[in-house]
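Here is a friendly note to read alongside the structure. Please keep the sequence and the 3D view open as you go through the points.

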Amino acid sequence: MMTTTCNRQCSMCCNNSINMERVQICSDFKPYLKIVITGGEPMLFPKYLRSLIERIRLQAKGSWQKIYIQTAKFDNIDDVFAIAGISQGFTVTLHTNKDVFDFFKTIVDRDISRRLLSHSLYLNVMKGVDI
């Protein structure tokens with residue numbers, strides 16, 4: 001977990017039940033083959049996220065971890081491309097019907113599907129949201 005800061009106040013968020021004082025801080029990423037960076041909302045801080053991924057890569061030189069980002073903030077395509085360039089993919093949570101519209105509009109308008117071909121992209125659609 002990179003941050004507890006989030007631009008949403010979702011009542012169903014699993015982070016609402018986490019005691020942050022008991023979360024262990026990981027400083028050695030070498031043993032892990034797969035790392036998922038989540039929050040709060042990690043894409044609120046794209047420069048810090050990029051720096052974190054680069055530090056993980058530097059620490060683990062000689063081994064190759066797959067790094068994935070869990071986010072609901074997929075609206076700044078420049079940030080998405082910057083993070084995509086150093087990670088393996090995203091899980092995007094769509095909370096509302098507007099999120100669905102904005103997500104697909106972004107993909108079509110910016111033709112990001114071709115630029116993310118070598119990355120995984122999972123959609124997590126909240127209950128009650130039409131897709």
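1. T4 counts as exposed, because its relative accessibility is 51% and exposed means over 50% relative accessible area, buried under 20%, and partly exposed in between, with a 1.4 Å probe and protein chains only. T4 belongs to the segment before β1.

2. Some ground rules. This is a predicted model, in which local features need pLDDT of at least 70 and side-chain atom pairs count only at pLDDT 80 or more, while totals for chains, interfaces and linings use all residues. Residues are numbered from 1 along each chain as its sequence is written, and side-chain values use heavy atoms, with hydrogens and water left out.

3. How confident is the predictor? pLDDT is its confidence in each residue, on a scale from 0 to 100. The protein averages 84, and 92% of the residues score at least 70. Among the elements, β2 has the highest mean pLDDT (93) and helix α4, residues 112–115, the lowest (67). Where pLDDT is low, the predicted coordinates should not be read in detail. The elements themselves are DSSP runs numbered from the N terminus: helices are H or I runs of at least four residues, and strands are E runs of at least two.

4. Next, two isoleucine pairings around β1. I35 sits in strand β1, which covers residues 34–37, and I35 counts as buried because its relative accessible area is 9%. The C-alpha atoms of I35 and I69 are 8.6 Å apart, although 34 residues separate them along the chain. L33 lies in the segment before β1 and is exposed, at 69% relative accessible area. The C-alpha atoms of L33 and I67 are also 34 residues apart along the chain and separated by 8.6 Å.

5. Is P42 buried or exposed? P42 is buried, with 0% relative accessibility. It is found in the loop between β1 and α1 (46–59). From P42 to Q70 the C-alpha distance is 7.6 Å, and the two are 28 residues apart in sequence.

6. Helix α2 deserves a look. Of its 8 residues, 6 are buried, so the helix is mostly covered. The buried ones are I77, D79, V80, F81, I83 and A84.

7. S87 is buried at 4% relative accessible area, and its side chain reaches the backbone oxygen of I83 at 2.9 Å. Q88 is buried at 16%. The side chain of Q88 makes a polar contact with the side chain of R57 at 3.1 Å. A polar contact is a pair of N or O atoms within 3.5 Å; within protein, one must be able to donate a hydrogen and the other to accept it, and residues adjacent in sequence count only if both atoms are side-chain atoms.

8. What lines the largest pocket? There are 25 lining residues, and C13, N15, G39, G40 and H95 lie nearest the centre. Strands β2 (66–71) and β3 (89–94) each supply at least two residues of the lining. By class, the lining has 10 nonpolar, 13 polar and 2 charged residues; Ala, Val, Leu, Ile, Met, Phe, Trp, Tyr, Cys and Pro count as nonpolar, Asp, Glu, Lys and Arg as charged, and the others, Gly among them, as polar.

9. The space in this pocket is about 560 Å³. On a 1 Å grid over the protein atoms alone, a pocket is an open set of points where a 1.4 Å probe fits, with protein on both sides within 12 Å along at least five of seven lines, and lining residues have an atom within 4 Å of a point. The volume is the space filled by probe spheres set on the points, which are joined across faces, edges and corners.

10. Last, the cysteines. With a disulfide taken as a pair of cysteine sulfur atoms within 2.5 Å, the count is 0. C6 is partly exposed, at 31% relative accessible area, and C26 is partly exposed at 34%.

Definitions and conventions: pLDDT = per-residue confidence, 0-100.
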